[in-house]
Amino acid sequence: MDQEKRSRLNRREFVGAAGAVGVAMFIPAARGVAAERPAILGGTPAQRGTFPDWPQVKESDIEAIRKVTSSGQWYRAVYVPQFEEEYARLNQAKYCVATASGTTALYCSLGALGIGPGDEVIVPPYTFMATVTVVLQHYALPVFVDSDRETFLMDPTKLEAAITDRTAAIIPVHIGGNVCDMDRILAIAQKHNIPVIGDACQAHLAEWRGRSVGSWGTTGCYSFQLSKNLCSGEGGAILTNDEEMADKCYAFHNCARKRNPASRFVYRLGRNTNARMTEFQAAILLSQMAGIKERADIRTANADYLTSMLREIPGIYPARMYEGCTRNAYHLYMFRFVSEEFGGLSRSQFLRALRAEGVPVAAGYSPLNKDQFLLDALNSRGYIRVYGKETIAAWPERNQCPENDKLCAEGIWMAQNVLLGSREQMEQIAKAVAKIRAHAGEIAKA
Ligand SMILES: *Cc1c(COP(=O)(O)O)cnc(C)c1O
């Protein structure tokens, strides 16, 4: 149990911290849970309703697609530039380049920086694989910085030690919509003159010190894949306040074309691609953007309420936020489950028991720095030629992330649409957890 939780419990004379009696003091909905059977042992599920569907399809989405289809203008024309303008404004950024996906937004940002073989790019291990595959696609060497288990984010105290004279970019990932410590990361990056490419693919509307995460650093990259808090099936965007970077990203994503005729910068490198967004995607995004702030507010209110209940349950640790995080996007509701504080119930038993209660939960990421796809890429012919056998052989040892290994064993998520549910459903989730804890020994043996 961490220090803060222990002192809070002591303060409130939390008698019977190991049982359901104490928990009920803080979770009205959990009153009497010791007497109730968990659903996995044949009891009644704590949560019997359904959570809101995702995506939320509206009549205006259908109308938007009808308009684009009948216009015959399916290539970047009206809606893509309009979306770029509105998305930049929504995030207090000067420029936006819409892309085909979040992966290509990251890939083009690195391409615009000229990152290539021999360069090192710093990444966190607790993220979706695309954060790292884009580094591999440029034949750069990924260098992992361990996670801060309390926040699920890159540990800023371990960043500087990972920097070498080859470091060409840092990619902090605002996982689950929780915001990295941008003060510390940007200070270290500036000291060493290294660009920061923010992976905000899960962090729509998230803010650091009152400003959108996408407006900090060199670029901020977003995804509009179906599961994301703003979506069009597939899609992405790069935000930046740097005009030259906007021109370079645009050229990289659009076959070396100029962003606008007045652009200062002409991109002459042959290394560019087609990662354009279609008019169909942009039209859906403009329609889906209506109500985005209201939905974010609902997620925040529900997440805050859920945290106020779950953090009182021993063994459950909702992801903490850094002091400068003024808005968490809550793409995921993330918490750690510590088996030893939960009567020895394993995480997979806990997940099964929660699902039986009608709560949709998933185990989080597994250690990306140890993933076979990455080791295969690094041991490929091209990588061995560029970096040499010795560097590649030493790579696994250099990229150990022991805190992240623990985090991956403890992490649990709920998806953002759960947080669009009712306040009562949040109470039912907390009640389900309390009920399972009260009967943990029995469930572990079942
Ligand atoms: C979704 C996601 C991506 C990739 O975005 P796509 O649009 O699926 O290509 C990259 N990084 C993170 C953290 C993501 O969640």
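A: Gln92 is partly exposed, with a relative accessible area of 39% (buried means under 20%, exposed over 50%, and partly exposed in between, using a 1.4 Å probe and protein chains only). This is a predicted model, with residues numbered from 1 along each chain as its sequence is written. Local features need pLDDT of at least 70 and side-chain atom pairs pLDDT 80 or more, while totals for chains, interfaces and linings use all residues, and side-chain values use heavy atoms, without hydrogens or water.

So where does Gln92 sit? It lies in the loop between helix 4 (79-90) and strand 1 (95-99); helices (H or I, at least four residues) and strands (E, at least two) are DSSP runs, numbered from the N terminus. The backbone of Gln92 has a positive phi of about 50°, although this residue is not a glycine. Most residues other than glycine have a negative phi, and most peptide bonds are trans.

Arg209 has a positive phi near 50° and is not a glycine either. It belongs to the loop between strand 8 (207-208) and strand 9 (211-212), and Arg209 is partly exposed, with a relative accessible area of 39%. Pro55 is in the loop between helix 2 (20-26) and helix 3 (59-71).

Next, some buried spots. Ile292 is in helix 10 (residues 292-310) and is buried, with a relative accessible area of 7%. Apart from neighbours within four places in sequence, Ile292 is in contact with Leu90, Leu205 and Leu230 (contact means heavy atoms within 4.5 Å).

Helix 11 (residues 347-356) has Gln349, Phe350, Leu351, Ala353 and Leu354 buried. The cover over those residues includes strand 12 (316-318), strand 14 (332-337) and helix 15 (423-438).

Now for strand 3 (residues 141-144), which is covered on both faces. Leu141 and Val143 are buried on one side, and Pro142 and Phe144 are buried on the other. In a regular strand the side chains alternate between the two faces of the sheet. Strand 3 pairs with strand 2 (residues 120-123) in the parallel sense over 4 bridges, where pairing takes at least two DSSP bridges between the strands. Val143 in strand 3 has Ile122 standing opposite.

Zoom out, and the chain has 16 helices and 16 strands. Its radius of gyration is 23 Å, close to the 22 Å that the globule rule gives for 446 residues, so the chain is as compact as a globular protein of that length. That radius is taken over C-alpha atoms, and the rule is 2.2 Å times the number of residues to the power 0.38. Along its principal axes, the C-alpha trace spans about 70 × 60 × 35 Å. Of the 446 residues, 57% count as buried. Among contacts between residues at least 6 apart in sequence, 73% join residues at least 24 apart.
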